[in-house]
Amino acid sequence: MKKHLLATNALLNTLRQLGAIAFPLITFPYVSRVLQVEGYGKYTFSNSIVNYFCMFAALGITNYAIREGSGLRHHKEKLEKFSNEVFTINIITMLIAYALLIGLLIAWPKLHNYRSLILIQSLTIIFNTIGVEWLYSIYEDFAYVTVRSLCVQFVALILMFLFVRQKSDYVNYATITVLAAGGGNLFGFIYSRKYLHLKISFHPNYRQHIIPMLVLFFNTVAVTIYANSDITLLGIFKGDHTVGLYNVAVRIYTIVKQLLNATVIVILPRVSLYLRENKQRQYQKLLDNVFRVLIILILPATVGLFMLSKEIIMLIAGSAYFGGTQSLRILSIAIMFSIFASFITTGMLLPKRREKKILTATLIGAVINILLNLVMIPFLSLNGAALTTLLAEFMVFIISLIYARDIYQFKKIIMPLFTTMISCVPVILSCFIAKEVFTSNIWIILFSVLLSGILYSIIQVVFFYINRRRNLR
């Protein structure tokens with residue numbers, strides 16, 4: 001029953017991610033042409049500024065609440081007290097974040113032309129706070145979050161085509177994307193009463209919560225820095241046009257990464273529960289299964305995205321964004337390291353309360369990213385930004401791997417990695433064949449995906465039966 005629930009949660013979260021992906025995937029080809037490179041660059045630059053304040057308001061609360069709250073969900077009074085304290089701290093950090101944001105808008109003249117965009121996009125801070133999605137993760141209620149998100153995104157999709165009609169409508173675009181991303185959170189606080197009654201706690205136990213929250217927060221700071229510093233520095237050094245080109249590559253990279261990461265996200269409450277109840281066998285088996293699924297999905301996705309970067313950008317954004325092709329190829333490699341690192345930190349280090357190890361890994365990655373961005377962006381522009389992201393993701397993966405070597409026997413994944421790499425050879429050949437046979441970008445992509453999918457699946461099945469027969473001997 002628990003295995004079935006976990007599989008259902010993974011499916012629901014994947015469906016939710018597909019909805020989040022479908023919204024920009026459907027609208028982006030339209031929006032990128034309407035707003036053009038400069039207009040889209042303005043939106044992207046202002047969004048990179050807001051993300052820093054969203055990060056501060058979150059303060060590592062989500063992962064902390066899920067990890068600690070998962071073990072309390074069978075004790076309603078304790079969970080309600082814990083949730084009220086966490087919610088109160090989140091309200092305080094939200095207010096501080098807004099005070100800092102307003103101060104920055106007043107003090108930095110460069111942002112004066114972006115005020116409207118930034119203030120509109122900052123509504124995400126409020127939505128994230130009152131949405132209390134960590135509570136639904138504690139109860140593993142992914143059905144409500146998925147249905148809510150899909151409904152809001154459908155409404156936002158209609159609004160997009162109604163109100164984004166010309167180059168100057170980037171403010172409308174910002175408003176609608178905020179609605180699509182967090183508008184459903186308006187209902188989150190009301191729905192939370194299904195489980196408990198959230199309210200302000202006037203005497204929260206700051207000492208108990210704040211230190212682990214701060215450790216997770218600084219980890220988020222490091223992640224946000226190397227996720228956003230490239231865009232921010234590109235905006236400062238190169239301008240809106242370059243930011244617009246680069247963000248196409250980043251958007252596609254993020255879409256693929258979010259979809260692949262959907263399985264990883266849902267396991268935190270379950271692994272936290274297994275460890276709290278000392279169910280080591282179930283814990284190790286869950287890690288084995290998730291690792292195998294990730295390997296099967298990530299490697300062909302990385303290879304396919306690398307091979308079809310040009311065609312995907314041309315199809316989604318148009319020829320004006322062709323300059324982002326090489327950046328997408330570099331970022332496609334980063335996906336592999338990013339997802340594996342995310343699984344190690346979420347499934348191994350975080351539930352084992354090794355958040356300081358996670359912080360060390362991400363801080364090193366962030367420092368490398370910033371320093372290399374300062375050196376490489378002035379000379380290599382957007383390709384330099386992509387390369388620094390790849391190096392940062394690789395470094396975080398290696399360090400996380402070292403920290404988790406006593407938790408999981410990584411040698412168990414060597415054979416699945418080897419067989420999957422062999423299975424990816426037809427993916428490369430399929431892409432080459434498609435480019436020789438077809439000239440249309442959509443037909444190249446469709447033929448490549450179809451042929452490589454069939455061949456990849458056949459080879460995976462063959463290896464499965466070979467390994468099965470070997471194990472039976």
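This is a predicted model: local features need pLDDT of at least 70, side-chain atom pairs count only at pLDDT 80 or more; totals for chains, interfaces and linings use all residues.
Helices in this description are DSSP runs of at least four residues, numbered from the N terminus.

Helix 19 gives the most to the lining of the second largest pocket, a contribution of eight residues. This pocket has a volume of about 510 Å³, and 20 residues line it, with Arg 292, Pro 416, Thr 419, Phe 464 and Asn 467 lying nearest its centre. Besides helix 19, the elements that give two or more residues to this lining are helix 13 and helix 17. By class, the lining of the second largest pocket comprises 10 nonpolar, five polar and five charged residues.

In the largest pocket, the space amounts to about 730 Å³. Its lining consists of 24 residues, among which Gly 304, Leu 308, Ile 312, Ile 445 and Val 449 are those nearest the centre. At least two lining residues are supplied by each of helix 11 (240-265), helix 13 (280-307), helix 14 (309-316), helix 18 and helix 19 (441-472). Helix 19 accounts for the largest share of the lining of the largest pocket, namely eight residues.

Helix 17, which gives residues to the lining of the second largest pocket, spans residues 414-423 and packs against helix 18, residues 425-437, at an angle of about 20°, the two axes lying 4 Å apart. Because angles under 35 degrees count as roughly parallel, helix 17 and helix 18 are assigned to that class. Their contact is formed by Met 421, Ile 422 and Ser 423 on helix 17 and by Val 425, Pro 426 and Val 427 on helix 18. Of the residues in this contact, five are nonpolar and one is polar, and none is charged.

A second pair is formed by helix 15 (residues 325-349) and helix 16 (residues 355-403), which pack at an angle of about 15° with their axes 9 Å apart. Helix 15 and helix 16 are therefore also described as roughly parallel to each other, and the crossing in which helix 15 passes helix 16 is left-handed. The contact of helix 15 with helix 16 contains 19 nonpolar, seven polar and two charged residues.

Helix 15 also packs against helix 14, here at an angle of about 120° and with the axes 9 Å apart. Helix 14 and helix 15 are therefore oblique to each other, and helix 14 passes helix 15 in a right-handed crossing. On helix 14 the contact is made by Ser 309, Lys 310 and Ile 313, and on helix 15 by Thr 325, Leu 328 and Arg 329. The residues of this contact are divided evenly by class, with two nonpolar, two polar and two charged.

Notes. Residues are numbered from 1 along each chain as its sequence is written. Side-chain values use heavy atoms; hydrogens and water are left out. Axes are lines fitted to C-alpha atoms, for helices over the stretch in contact, and angles run from 0 to 180 degrees between N-to-C directions. Angles under 35 degrees count as roughly parallel, over 145 as roughly antiparallel, 65 to 115 as roughly perpendicular and the rest as oblique. Contact means heavy atoms within 4.5 Å. Ala, Val, Leu, Ile, Met, Phe, Trp, Tyr, Cys and Pro count as nonpolar, Asp, Glu, Lys and Arg as charged, and the others, Gly among them, as polar. On a 1 Å grid over the protein atoms alone, a cavity is a set of points where a 1.4 Å probe fits but cannot get out, and a pocket is an open set with protein on both sides within 12 Å along at least five of seven lines; lining residues have an atom within 4 Å of a point. Grid points are joined across faces, edges and corners, and a volume is the space filled by probe spheres set on the points. A crossing is left-handed if the near helix is turned anticlockwise from the far one by less than a right angle, and right-handed if clockwise.
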